[in-house]
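Student: I have a structure open on my screen and would like to talk it through with you. Could we take it step by step?

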Amino acid sequence: MTHGELESAEGGIAHNYEDDDALVDHHPGLGRLVSSPLWVVALGGPPAAYFGLLALLAIRRRREADPATVAAHAALHELAALTPSVEAGFASSLLEKLRAYLRARLDLPPGALTFADVEGPLRARGVDADTRQDLRQVFAVCEAARYAGGAVSGLTPAELQSKALESGRAVERTLGGAR
């Protein structure tokens with residue numbers, strides 16, 4: 001016989017393996033499924049997504065349950081978004097945003113607010129004297145700028161905005177979500 005010719009095997013099946021070590025149990029059990037990351041994601045992903053969406057929905061409903069709190073937070077955000085400027089309208093805009101915030105936070109009726117209108121409710125709700133004094137100063141400087149042709153005296157526009165924001169945040173810390 002030459003090299004490369006086929007020859008037939010005699011005596012039945014030619015075995016490649018001689019013992020049972022080659023046999024592996026491929027039975028799909030729960031332990032095998034849990035050890036596969038793809039199955040964990042496939043089985044655990046939908047319930048996790050469901051409960052995540054349920055939590056987001058509950059947070060949104062709770063937040064929107066009190067429109068005054070939503071309005072107060074929006075007004076405080078608008079106050080922070082103002083760009084400090086020496087222009088005549090900055091102090092007026094700042095004062096309007098601060099008034100909108102205090103009106104919403106203190107449940108005051110619509111209309112023009114002066115510091116005298118908010119001092120009593122702030123004191124009654126436990127806002128400290130330093131915060132009330134800072135708010136009094138912001139009101140005074142903004143009102144003076146409004147009626148004196150836009151000139152902000154005593155504080156730079158950035159300092160005025162910073163004082164208004166810090167006062168608003170102090171009111172938030174004191175009042176929080178409670179009404």
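Predicted model: local features only at pLDDT ≥ 70, side-chain atom pairs only at ≥ 80, totals over all residues.

Student: How many helices and how many strands does the protein chain have?

Tutor: Following the sequence, you would read the pattern as α-α-α-α-α-α-α. The count for the protein chain is therefore zero strands and seven helices.

Student: Which element gives the largest share of the largest nonpolar core?

Tutor: That core has 32 residues, and those with the most contacts inside it are Leu79, Leu94, Leu102, Val118 and Leu122. Two or more residues each come from α3 (67-81), α4 (88-105), α5, α6 and α7 (157-175). The largest share is eight residues, and the element giving them is α4.

Student: Leu122 is on that list, so to speak; which residues does Leu122 touch, not counting those up to four places away in sequence?

Tutor: Leu122 is one of the core residues with the most contacts inside the core. Here, a contact needs heavy atoms within 4.5 Å. With residues up to four places away set aside, Leu122 touches Leu102, Leu106, Val127, Arg132, Leu135 and Val171.

Student: Are α5 and α6 roughly parallel or roughly antiparallel?

Tutor: Helix α5 covers residues 115-124 and helix α6 covers residues 129-147, with their axes 11 Å apart. The two pack at an angle of about 170°. Angles over 145 degrees count as roughly antiparallel, so α5 is, relative to α6, roughly antiparallel.

Student: How many nonpolar, polar and charged residues are in the contact of α5 with α6?

Tutor: From α5 come Phe115, Glu119, Leu122 and Arg123, and they meet Arg132, Leu135, Arg136 and Phe139 in α6. Sorted by class, that contact has four nonpolar, no polar and four charged residues.

Student: Is Ala116 buried or exposed?

Tutor: Ala116 sits in helix α5. Its C-alpha is 8.7 Å from that of Arg136, which is 20 residues apart from Ala116 along the chain. The relative accessibility of Ala116 is 63%, and because the cut-off is over 50%, Ala116 counts as exposed.

Student: And Leu165, is that buried or exposed?

Tutor: Leu165 belongs to helix α7. Beyond its neighbours within four places in sequence, Leu165 is in contact with Leu76, Leu79 and Ala80. Leu98 is 67 residues apart from Leu165 in sequence, yet the C-alpha atoms of the pair are 8.5 Å apart in space. With a relative accessible area of 10%, Leu165 is buried.

Student: Last one: what is the phi of Asp107?

Tutor: You will find Asp107 in the loop between α4 and α5. At 45% relative accessibility, Asp107 is partly exposed. Asp107 is a residue other than glycine with a positive phi, and the value is near 55°.

Terms used:
Residues numbered from 1 in each chain as written. Heavy atoms only, no water. Axes fitted to C-alpha atoms, helices over the stretch in contact; angles between N-to-C directions. Helix = DSSP H or I, 4+ residues; strand = E, 2+ residues; numbered from the N terminus. Parallel < 35°, antiparallel > 145°, perpendicular 65-115°, else oblique. Nonpolar A, V, L, I, M, F, W, Y, C, P; charged D, E, K, R; others polar. Core = buried A, V, L, I, M, F, W, Y, C linked by side-chain atoms within 4.5 Å. Buried < 20%, exposed > 50% of the residue type's maximum accessible area, 1.4 Å probe, protein only.
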